[in-house]
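Me: I'd like to learn how to read a protein model, one feature at a time. Could you walk me through it?

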Amino acid sequence: MKTPYHFFLAFLMLFTGSVNTITTKYADITCAMGVNYYEKGEPLDKNSCRDRTDGAHLFDHPFTQALAMFIGEFCCFLAYYLYTWISSCRDSSFAEKNKVKPFNPLIFLLPALCDCTATSTMYVGLTLTYASQFQMLRGSVIIFTGLLSKFFLGRKLEAYRWVGMVLVLIGLLAVGLAAFLSGSSGASAPNPILGDALIIAAQVVVAIQMVVEEKFLGQYEVPALLAVGWEGIFGMGVMSVLCLVFWFVPGPRAGGKFENINDAFAQFSSSATIQLAITGTIISIAFFNFSGISVTKEMSATTRMVLDSVRTLTIWVYGMAVGWEEFQYLQVIGFVFLIAGTFVYNDLMIRPALIRAGCLKPDSDEKLSLLSDSKVQ
């Protein structure tokens, strides 16, 4: 029986999940004062700000935004210990009943490195394409996860999982074709094709992260919120170092740097919109992970997957409502195939129907999909 708490968790996951992508995109398309870089005579298609002589330009800092995401994950670490402390105050036996077995925190370093690579690449892609494309194309992780689980973990892929992967592939082709036909759209999507390619490439790393977590972390019983927190700690450390290193690497951003952390802080200080967007990203990431884990625990992984699908739809509708993008019928087709593929792969459509019809017997000891209880972001 669903309670008001269940509905609250579902709304919290949908709302914060949507806010996460939307606020990140808002930061990408916001002009603010930073370091001097763009010259007055440069073509406007390089930047949407009309006057660049005083240092005003777009907030093009995907690596800094990735750092903000890991700060949000670190908040899960604090939330776990806060929850443990409050629960222990209410019940003196709580700590003993829920004692975590000793583990080496370094086990989260490799997944965090994968997360840093994938998130940074995806955020670079988001600066180039539409928010809805960003969200939809993340569904391609199913294909790479399925292939890696077969060839790396040696897991057998049932026929329905292959069907799901084919459906996702068809959806990806439709969404990619929509990006090709739509072309560039100013600051909101200056290069959708390249952005989409980067997002799909990042899903390969996400799939590697999932397989690594199952292969090496499956033997440890670490609470999900604590695990997210530790990855946030390592992610913060790695991204902080990378932001400093990228200062010395030539690149396309302000000051001719690959990442200009000084420019990021200058723009953050001078723009209330960017302050709100970055803060929104940090808070939404923390609550999204908490609510996603809670939805899986209190309801089911199926419910969480349905909510994540609605989240994609919400971001898509919002993008059209605020004028970030125009309606593309190919996106509708792609979205339908991506959602159908996700549900089929995770055993939520074909096999359950056959079991209900009596054509198949349920397999009680079958392992869950790699995607059914993964970290959300």
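**Reading the helices and a pocket**

Reply: Happy to. Let's begin with H13, where Leu330, Gln331, Gly334, Phe335, Leu338, Gly341, Thr342, Phe343, Val344 and Tyr345 are buried (under 20% relative accessible area, with exposed over 50% and partly exposed in between; 1.4 Å probe, protein chains only). This is a predicted model, in which local features need pLDDT of at least 70 and side-chain atom pairs count only at pLDDT 80 or more, while totals for chains, interfaces and linings use all residues. Residues are numbered from 1 along each chain as its sequence is written, and side-chain values use heavy atoms, leaving out hydrogens and water.

Me: What span is expected for helix H13, and what does the model give?

Reply: Helices are DSSP runs of H or I with at least four residues, strands are runs of E with at least two, and both are numbered from the N terminus. The expected span is 1.5 Å times one less than the number of residues. Helix H13 (residues 329-345) has 17 residues and reaches 24 Å between its first and last C-alpha, close to the expected 24 Å. Just after H13, Asp347 has a positive phi of about 65°.

Me: Which residues of H7 are buried?

Reply: An α-helix has 3.6 residues a turn, so residues three or four places apart point the same way. In H7 the buried residues include Tyr160, Gly164, Leu167, Gly171, Ala174 and Ala178. The end C-alpha atoms of helix H7 (residues 159-182) are 35 Å apart, which agrees with the 34 Å that its 24 residues should span.

Me: Why does Val141 count as buried?

Reply: Because its relative accessibility is 9%. Val141 lies in helix H6 (residues 141-151).

Me: How many residues line the second largest pocket, and which lie nearest its centre?

Reply: Rolling a probe the size of a water molecule over the atoms shows where empty space is left. A pocket is an open set of points on a 1 Å grid over the protein atoms alone, where a 1.4 Å probe fits, with protein on both sides within 12 Å along at least five of seven lines; lining residues have an atom within 4 Å of a point. Here 23 residues form the lining, with Tyr80, Tyr83, Leu225, Phe290 and Lys297 nearest the centre. Helix H2 (62-90), helix H3 (94-97), helix H9 (224-246) and helix H11 (272-298) each supply at least two lining residues.
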